[in-house]
Amino acid sequence: MSMRSELSKVRGLGSAKSGTEHFWQQRVTAIANVPLVIFVVWFVIAHLGAKRADVVASIQHPLTAIVLILAMASILWHMRLGLQIVIEDYVHAPALKLACLLANIFFATGLFAVSAYAILKMSFGL
Amino acid sequence: MSDSKPKARPLSPHLQIYRPMLSTAMSIFHRITGVALALGMIGLAWWFTAASVSDAYFGFVQGFFYHWFGRLILFGFTWALIHHMLGGFRHFIWDTGRGFELKTVEWLVRANLFGSILLTILIWVIGYGVRA
């Protein structure tokens with residue numbers, strides 16, 4: 001006999017109260033990553049051994065800056081979700097697990113802030 | 001709730017019990033490449049940051065990645081990226097409920113492995129072509 005209420009069953013959110021949200025976000029960012037990552041790879045190849053001025057000139061095109069920021073957002077969000085699963089699978093000590101999960105969120109957010117700031121700075125010609 | 005002491009229950013068999021298979025290896029590779037890519041993202045953020053700082057600092061970072069060791073990191077990053085992306089396509093196919101027949105799975109994991117190697121080499125050929 002199930003101990004779950006009818007409402008809980010119909011919401012289908014499970015004990016973690018998030019249901020398939022994590023899975024869904026993983027797939028949404030995975031799909032977004034395909035064109036965005038191809039763009040980043042192309043961008044890096046196009047600037048192999050380039051002078052700084054060339055990179056800045058490319059990023060000063062609004063579309064380039066916007067797509068690069070979108071790429072960093074999508075990639076790093078996907079990265080945060082993936083690393084979270086790895087931590088949950090292998091780190092079992094509660095305090096250490098919590099510390100790792102927090103560090104993961106701060107790592108992804110920090111990398112995004114640093115990259116987005118750099119891209120915007122170049123885009124605005126500062 | 002009479003006895004809360006953990007009992008010595010039988011555990012379900014884990015990785016070491018099963019015969020190693022290419023599909024197992026590809027599943028593990030997908031995870032390892034994902035973690036490696038996370039480390040690689042530090043490099044990408046570093047590159048963007050350097051480009052926003054100064055000519056001298058950007059020259060230093062470009063030089064770091066041009067060095068044989070930097071190129072080795074970039075080559076590994078390229079392969080991990082392509083392998084993880086092709087592995088993602090495999091998961092997209094599986095998400096639709098298709099491709100679970102053993103023959104198809106074997107074909108998919110082989111396509112994943114060989115495709116990632118071929119595409120990585122192709123990207124580097126293009127890279128050297130652009131650079132030259």
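Q: Is B:E106 buried, exposed or partly exposed, and why?
A: Buried means under 20% relative accessible area, exposed over 50%, and partly exposed in between, with a 1.4 Å probe and protein chains only. B:E106 is partly exposed because its relative accessible area is 25%. This is a predicted model, in which local features need pLDDT of at least 70 and side-chain atom pairs count only at pLDDT 80 or more, while totals for chains, interfaces and linings use all residues. Residues are numbered from 1 along each chain as its sequence is written, chains are lettered from A and ligands numbered from 1 in the order in which they are written, and side-chain values use heavy atoms, with hydrogens and water left out.

Q: With which residue does B:E106 form a salt bridge?
A: A salt bridge is a side-chain nitrogen of Lys or Arg within 4 Å of a carboxyl oxygen of Asp or Glu. B:E106 pairs with B:R110, and the closest N and O atoms are 2.7 Å apart. Both residues lie in helix α4 of chain B, four residues apart, about one turn of the helix. B:R110 counts as partly exposed because its relative accessibility is 40%.

Q: How many salt bridges are there over all chains?
A: The count comes to four. One of them joins the side chains of A:R27 and B:D95, at 2.4 Å from N to O. That pair crosses between chains, from helix α2 of chain A to helix α3 of chain B. A:R27 is buried at 18% relative accessible area, whereas B:D95 is partly exposed at 38%.

Q: How is a helix such as α4(B) defined, and how many residues has it?
A: Helices are DSSP runs (H or I, at least four residues; strands are E, at least two), numbered from the N terminus. The expected span is 1.5 Å times one less than the number of residues. α4(B) has 30 residues and reaches 43 Å from its first C-alpha to its last, close to the 44 Å expected.

Q: What do the buried residues of α4(B) pack against?
A: Contact means heavy atoms within 4.5 Å. The buried residues of α4(B) pack against α2 (21–46) of chain A, together with α1 (22–53) and α3 (68–95) of chain B. Among these buried residues is B:N112, with 3% relative accessibility. Not counting residues up to four places away in sequence, B:N112 touches B:H83, B:L86, B:G87 and B:R90.
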